[in-house]
Amino acid sequence: MKQESAFIEEVSGLIDVPLKEDQLLALRSIYEFLFYGGPQSSFILRGYAGTGKTTLMGGLIRWFHQVNRKTVLMAPTGRSAKVLASHSGYPASTIHRRIYSLKENDDGRPQIQLVQNKSEKTIFIVDEASMIGEANPEDGLSGRSLLEDLFSYVYSGERCRLILIGDDAQLPPVGMDLSPALDRKRLAAITHSSVFGCVLTEVVRQQLESLILKNATEIRTQISTGDFGALQIKESPQEDVSSVDPYDLEDKLSQFFYGDAAHESVIICRSNKDANQFNQQIRSRILMRESELEAGDRLMIVKNNYHWKLPGKRQNFLANGDMITVERVHAIREFGDFRFAEVQVYFSDDPNTSFDIILLLNALDFTGPSIPGKEILKLRNHLIESGEIDEVEAYEKFFQNPYFHAVQVKYAYAITCHKSQGGQWKNVLIFQGYFTEEMLDRSYFRWLYTALTRATSNVYLINFHSELVVTLSN
C-alpha cells in the first residue's frame with residue numbers, strides 16, 4: 001500500500017502551484033478514503049470560490065491517470081460538464097446522459113431507466129454537486145431521485161468509488177433549503193457506509209487580487225455566520241466589479257451582446273420575468289430582430305427532452321441547461337394556443353453539431369422555469385381539430401407526435417441564477433431587480449454569491465441599491 005507522504009508528494013508534483021495547508025489536509029482525507037474506505041464509501045470535497053478545489057482535483061485526476069486508475073467525470077448540466085472538461089483536460093458528460101437510457105412505454109411515451117454500470121475499479125468524479133437534487137417532477141424522471149440513482153449506478157459497478165465536489169454556499173436545488181449531495185448525513189443514509197470529506201476555506205494567493213473573489217469571500221463568510229443584517233458590495237471602475245450607470249446600460253448591452261463575443265456574456269436575474277424582459281429588449285433594440293425567432297438566436301434548453309435523437313452523438317437526449325444556437329428557421333406552425341418552430345440548430349459551443357428539432361415557442365416568454373407537462377396535454381385537442389392526428393386514434397399516437405415532444409427553450413442572453421449554475425462567462429451583468437431591506441436573508445446572499453462566482457473576468461452591477469454598493473478609492 002502506498003504511503004500517505006508518497007501519495008501527497010506525487011499529487012502535489014502534478015500541480016504547478018504550492019498547495020495551501022487546507023489543500024494538503026484535503027489530500028490526507030482523500031488518501032484515507034482511497035486506501036481505507038469501504039466498497040460503498042464516498043467522498044465530499046466542499047470548497048468555496050477561490051479556494052483551489054478545481055486545481056486540487058485537476059492534480060488528483062492527473063494522478064489517477066498516471067497510476068492507470070480509470071476515472072469518469074460528470075456534472076449536472078451540459079455547461080458545467082464543459083467547464084469540468086476544460087479544467088481537467090479530460091472528457092466529461094452530464095449525469096443524466098451517463099446513468100440513464102430510454103425505452104418506450106406501451107402507450108408510446110419515452111421512459112427513462114437506470115442503466116447498469118459496466119465500469120470496473122473506476123473513480124467517478126462529479127463536479128457542481130450542489131445542484132444535484134432529489135425527486136423533481138419537472139426533470140422528467142417520474143419522481144425518481146437523481147441523487148439516489150447516481151449512487152445506485154456508481155456502486156452497481158465492480159469496486160467503483162464516488163467523489164462529489166461542490167460549494168454549499170451556492171444556491172441549492174430548486175425548492176430545497178440544502179444541497180443533499182453535500183450533506184454527509186444524507187449520503188450516509190443512502191449508502192449505509194462511510195462518507196469521507198473535507199472543506200477548503202482559505203482563498204489561494206493568486207486569487208486575492210480579484211475584487212470578485214473578495215466580495216464573494218465576504219458574502220460567504222456572512223452566509224456561514226448567519227450575519228444578514230447588512231450587505232456591502234465593493235466596486236471600483238478600475239477593477240473587475242463596477243456599477244452600470246442607467247444611462248449607459250444600452251451601450252453596455254451593445255458592447256456585450258452584439259457580434260462574435262456575445263457568447264462570453266450573460267445577464268443574471270432573480271426572476272424569469274426579469275430575464276424575459278431583458279431578452280426581449282436585447283433582441284429588439286440591440287440585435288434588431290423583429291420575428292419571434294431568427295437565425296443566430298441563442299437559446300437555453302429549460303427541460304430535459306428524451307425524444308430527439310442527435311446524429312453522430314453518444315448522448316441520446318437534450319439536457320436542461322444545454323445552450324443551442326438557431327441556424328435556420330424552416331417553418332412556424334400553430335395549433336390552437338400552441339406555437340411551434342421547426343428549426344435547424346447547433347450546440348453553441350460546437351458549431352459542427354447541426355440537427356433539426358421542433359421548438360415550443362410558448363416557453364420563450366413563460367414566466368415559470370418551464371411549461372408543466374399537464375399543460376402540454378391540452379395540445380391533443382388542438383392537433384385533432386387541425387387534422388394532425390385522428391380523434392379515434394389511441395393516446396399512443398399523440399404521445400409519439402413530434403409536436404408533443406417539442407423542446408422547451410428560453411432566450412439565453414439573460415437567465416435566472418439557477419439556470420446559470422455550473423456555467424462561467426467572461427462578463428456577468430447582475431440585475432438586482434425589485435429590492436427591499438427585508439429581502440436580505442440567507443436566500444438572497446446565496447443568490448448573490450452564486451451570481452458573482454459565475455464571472456471569470458468582470459462583474460457589472462445593474463440597478464443595485466446605492467446603500468449596498470461601496471466605491472473604493474483609487
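Two strands are said to pair if DSSP finds at least two bridges between them. In this predicted model, strand β2 (residues 70–75) meets that description with β6, since the two run in the parallel sense over five bridges. Within this pair, Lys 70 stands opposite Thr 122 of β6.

Both strands belong to an open sheet of six strands, arranged in the order β3-β2-β6-β7-β1-β8 with parallel pairing. At its edges lie β3 (92–94) and β8, each pairing on one side only. On average, and ignoring direction, neighbouring strands in this sheet are turned by 20° against each other.

Two helices can be followed on this sheet. Helix α2 packs on the sheet and touches β1, β6, β7 and β8, its direction making about 170° with that of β8. Helix α3 also packs there, touching β1, β2, β6, β7 and β8, and its direction makes about 160° with that of β7.

Buried residues of α2 include Leu 27, Ile 30, Tyr 31 and Leu 34. The buried residues of this helix pack against α1 (4–12) and α3 (53–66), as well as β1, β6, β7 and β8.

A further open sheet has five strands in the order β10-β19-β18-β11-β17, again with parallel pairing. Here the edge strands are β10 (241–243) and β17 (414–416). Neighbouring strands are turned by 30° against each other on average, direction ignored. Strand β10 pairs with β19 (residues 455–462) over three bridges in the parallel sense, and Ser 243 has Leu 461 of β19 as its bridge partner.

Key. Residues numbered from 1 in each chain as written. Predicted model: local features only at pLDDT ≥ 70, side-chain atom pairs only at ≥ 80, totals over all residues. Heavy atoms only, no water. Helix = DSSP H or I, 4+ residues; strand = E, 2+ residues; numbered from the N terminus. Axes fitted to C-alpha atoms, helices over the stretch in contact; angles between N-to-C directions. Buried < 20%, exposed > 50% of the residue type's maximum accessible area, 1.4 Å probe, protein only. Contact = heavy atoms within 4.5 Å.
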